[in-house]
Amino acid sequence: MNTNKETKRVTDYDMQQLIGQVLRYGVLISGIIAIIGGIWYLFQQGSGLPDYGTFHGEGEGYTSLTGIIKGLGDGSAKEIIQLGVVILIATPIIRIVFSLVAFGLERDKLYMFITLIVLSIILFSTFGGLSI
Amino acid sequence: MTILTFTLILLLGAYLAGLAGSLTGLGGGVVIIPLLTLFFHVDIRYAIGAALVASIATSSGSASAYVKEGITNIRLGMFLEIATTAGAVIGAILAIYTPVNIVAILFGVTLIFSAAMTLRKKHETALTEGSKLSYLLKLNSSYPTKDGVVDYKLRNIGGGFSIMTLAGMLSGLLGIGSGALKVLAMDSAMRVPFRVSTTTSNFMVGVTAAASAVVYLQRGYIDPGIAFPVIIGVLAGAFTGSKLLMKIDVKWLKIIFSFAITAIALNMIYNGFNHKF
């Protein structure tokens, strides 16, 4: 059977549906992980006192990916929540990667280039000489 | 106050912030920062981290619906994200050198501007003739309305792009989506129809916030104990808001909320000048 090539081509409509799904599942998964980690966190430390009046900043385990992974191994509730946060932050970035693929399938070179610029800026921001 | 009560009150506050943010179109992050700093006396840097996370959550959550409906202009969003992400990275770098009380004052000023923007008249008429660049960049598109599909063309792409860079910088510096400035760039400068500019702006907030969130996460601004009630509360609030939006008239709510926001903003500015951060 010889099907028309035009009907097989990816359209803007397909891309809209795909991006919609990526965003939905990203938010859903990160929300569920945050709830699980949050309940575990309250169970562990709920009776403690919050200390957010002064800023502590870097050095905590949950400020780097290796720290979060290490903390997950130890079953630390804060690191489970932070995994949810990382997935949430990654969701729009994954959306860009999917757009890049979709523009590629549409053979839209101009927008592949534009998407690559945005992706490079974000990756530069992520890895720009900072602790990972 | 124990961590448990702190979490529960914050959860409720974040829910209301998400609800108000989605009903008025200002976004959840705008209310989170004053709530945390003025009410809970949390350091403004933790508040910025929480607001960024809240912005990503609400943007991604609601964008998933708008994108599927075909209102969002994905190419326009993608092109302008060059400006907003570059701006956000600059903003996150500037944040290191900006004293926290200056950040608070800037936040207050942006808040007043955003409140004024929600009350302003909107363009709904689509242009039939676009600028050269709008054709070259394939930014002209169409969107579904009650009366069928409407085509629109854009102008002043350079002007819109410049305002977007500023919006990105403010977003990176203050941790908010700065949706009001994004809509100004698209609506007033480029003449994007209002429904398209709000949904496309919302679509871009997630990526813009992510560009600076990756920096703030590593700097320790995003604390898990604050992040989790904020994410869950804001998401639930925004979801309720999107359901309510179909049923109620938000005109008066917008006016009341704008005055409330202005009062909060003046408080932030006052405290900023008195170095209470």
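This is a predicted model: local features need pLDDT of at least 70, side-chain atom pairs count only at pLDDT 80 or more; totals for chains, interfaces and linings use all residues.
Let's begin with chain A. The UniProt record, an unreviewed entry, lists residues 22-43, 80-103 and 110-130 of chain A under "transmembrane region". I looked at two of those stretches. Residues 22-43 of chain A come out as 100% helix and 0% strand, and the C-alpha atoms at the ends of that span sit 32 Å apart. For residues 80-103 of chain A, we again get 100% helix and 0% strand, with 35 Å between the end C-alpha atoms.

Staying in chain A, have a look at A:Ser76. You'll find A:Ser76 in the loop between helix H3 (65-73) and helix H4 (77-105) of chain A. So is A:Ser76 buried or exposed? A:Ser76 counts as buried, because it has 21 C-beta neighbours inside 10 Å, and the cut-off for buried is 20 or more. If you want a landmark, A:His56 is 20 residues away from A:Ser76 in sequence, and the C-alpha to C-alpha distance is 19 Å.

B:His41 sits in the loop between helix H2 (29-39) and helix H3 (44-69) of chain B. B:His41 isn't a glycine, yet its phi is positive, near 55°. With 11 C-beta neighbours inside 10 Å, B:His41 counts as exposed.

The other one is B:Arg191, in the loop between helix H8 (179-189) and helix H9 (194-218) of chain B. B:Arg191 isn't a glycine either, and has a positive phi of about 60°. What about its surroundings? B:Arg191 has 21 C-beta neighbours inside 10 Å, so it counts as buried.

Last stop, helix H11 of chain B, residues 251-273.

Which residues of H11(B) are buried? They are B:Phe257, B:Ser258, B:Ile261, B:Ile264, B:Ala265, B:Met268 and B:Gly272. As for the spacing, an α-helix has 3.6 residues a turn, so residues three or four places apart point the same way. The buried residues of H11(B) pack against helix H1 (3-24), H2 and helix H5 (100-118) of chain B.

Key:
Residues are numbered from 1 along each chain as its sequence is written. Chains are lettered from A and ligands numbered from 1 in the order in which they are written. Helices (H or I, at least four residues) and strands (E, at least two) are DSSP runs, numbered from the N terminus. A residue is buried if 20 or more other C-beta atoms lie within 10 Å of its own, exposed if 12 or fewer, and partly exposed in between; C-beta atoms are placed from the backbone. UniProt positions are given in the numbering used here, feature names are shortened, and annotations may be inferred rather than shown by experiment. Two residues are in contact if their C-beta atoms, placed from the backbone, lie within 7 Å.
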